[in-house]
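Please look over the sequence and the model below before reading on.

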Amino acid sequence: MFGQVPQVAAADVPAGAYLLDVREDEEWVAGHPPGAHHLPMMQIPARLAEVPTTGEVVVACRVGARSAQVVAYLLGNGWDNVRNLDGGLVAWAGAGRPLVSEDGCAPEVV
């Protein structure tokens, strides 16, 4: 979908990947992959040190647009281990990958 940056399909995200969810707080609370790391897009510049420089990092948002921007930003700042989740967490859920919520409700991608 967003061809300017490296991408990975939801079904192909390896179990050991560092999944970075760049959505806003309310989106995170409603549903996210188990074990994902939350770092809202607008906080990335101030919190770059939290993004691993080794290992596979898969960046995700709702449909892949914000995360593609984050991947491009990280690539421009020296990261070479980042890929965009193609189709975002909508595609993740559509592929049957698990979600958890932080509010006790059934998890959903909002």
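Asp21 is buried, with a relative accessible area of 1%, where buried means under 20% relative accessible area, exposed over 50% and partly exposed in between, computed with a 1.4 Å probe on protein chains only. This is a predicted model, in which local features need pLDDT of at least 70 and side-chain atom pairs count only at pLDDT 80 or more, while totals for chains, interfaces and linings use all residues. Residues are numbered from 1 along each chain as its sequence is written, and side-chain values use heavy atoms, with hydrogens and water left out.

**Surroundings of Asp21**

- Asp21 belongs to strand E2, which covers residues 18-21; helices (H or I, at least four residues) and strands (E, at least two) are DSSP runs numbered from the N terminus.
- Leaving aside residues up to four places away in sequence, Asp21 touches Trp28, His32, Pro33, His37, His38, Leu39, Pro40, Ala60 and Leu89, a contact being heavy atoms within 4.5 Å.
- The side chain of Asp21 also makes a polar contact with the side chain of Arg23 at 2.7 Å; such a contact is a pair of N or O atoms within 3.5 Å, of which, within protein, one must be able to donate a hydrogen and the other to accept it, and residues adjacent in sequence count only if both atoms are side-chain atoms.

**Salt bridges**

- Side chains of opposite charge can pair when their charged atoms come close.
- A salt bridge is counted when a side-chain nitrogen of Lys or Arg lies within 4 Å of a carboxyl oxygen of Asp or Glu, and by this rule the count comes to 4 salt bridges.
- One of them joins the side chains of Asp21 and Arg23, with 2.7 Å from N to O; Asp21 is buried at 1%, and Arg23 is buried as well, with a relative accessible area of 0%.
- Another salt bridge is formed by Arg47 and Glu50, whose closest N and O atoms are 2.7 Å apart; here Arg47 is partly exposed at 26% relative accessibility, and Glu50 is partly exposed at 39%.
- Arg83 forms a salt bridge with Glu56, the closest N and O atoms being 2.0 Å apart, and this pair links distant parts of the chain, since Arg83 is in strand E5 and Glu56 in the loop between E3 and E4, 27 residues apart.
- Both members of that pair are partly exposed, Arg83 with a relative accessible area of 27% and Glu56 at 26% relative accessibility.

**The sheet**

- Five strands make an open sheet in the order E1-E5-E4-E2-E3, with parallel pairing; two strands pair if DSSP finds at least two bridges between them.
- The edge strands, each of which pairs on one side only, are E1 (7-9) and E3 (37-38).
- E1 and strand E5 (residues 82-86) run parallel and are joined by 3 bridges, with Ala9 standing opposite Asp86 in E5.
- Helix H2 (residues 65-76) packs on the sheet, where it touches strand E4 (57-60) and E5, and the direction of H2 makes about 170° with that of E5; axes are lines fitted to C-alpha atoms, for helices over the stretch in contact, and angles run from 0 to 180 degrees between N-to-C directions.
- E2 runs parallel to E4, to which 4 bridges join it, and the bridge partner of Leu19 in E4 is Val58.
- E2 also pairs with E3 in the parallel sense over 2 bridges, and His37 in E3 is the bridge partner of Leu20.

**The loop residue Gly31**

- Gly31 lies in the loop between helix H1 (25-30) and E3, and counts as buried at 0% relative accessibility.
- The C-alpha atoms of Gly31 and Glu108 are separated by 4.8 Å, although the two residues are 77 residues apart along the chain.
- Among the residues that Gly31 touches, not counting those up to four places away in sequence, are Arg23, Leu99 and Glu108.

**The chain as a whole**

- The chain has 3 helices and 5 strands, which follow the pattern β-β-α-β-β-α-β-α along the sequence.
- Of the 110 residues, 42% count as buried, and residues 24 or more positions apart account for 69% of the contacts with a separation of 6 or more.
- Along its principal axes the C-alpha trace spans about 40 × 25 × 25 Å.
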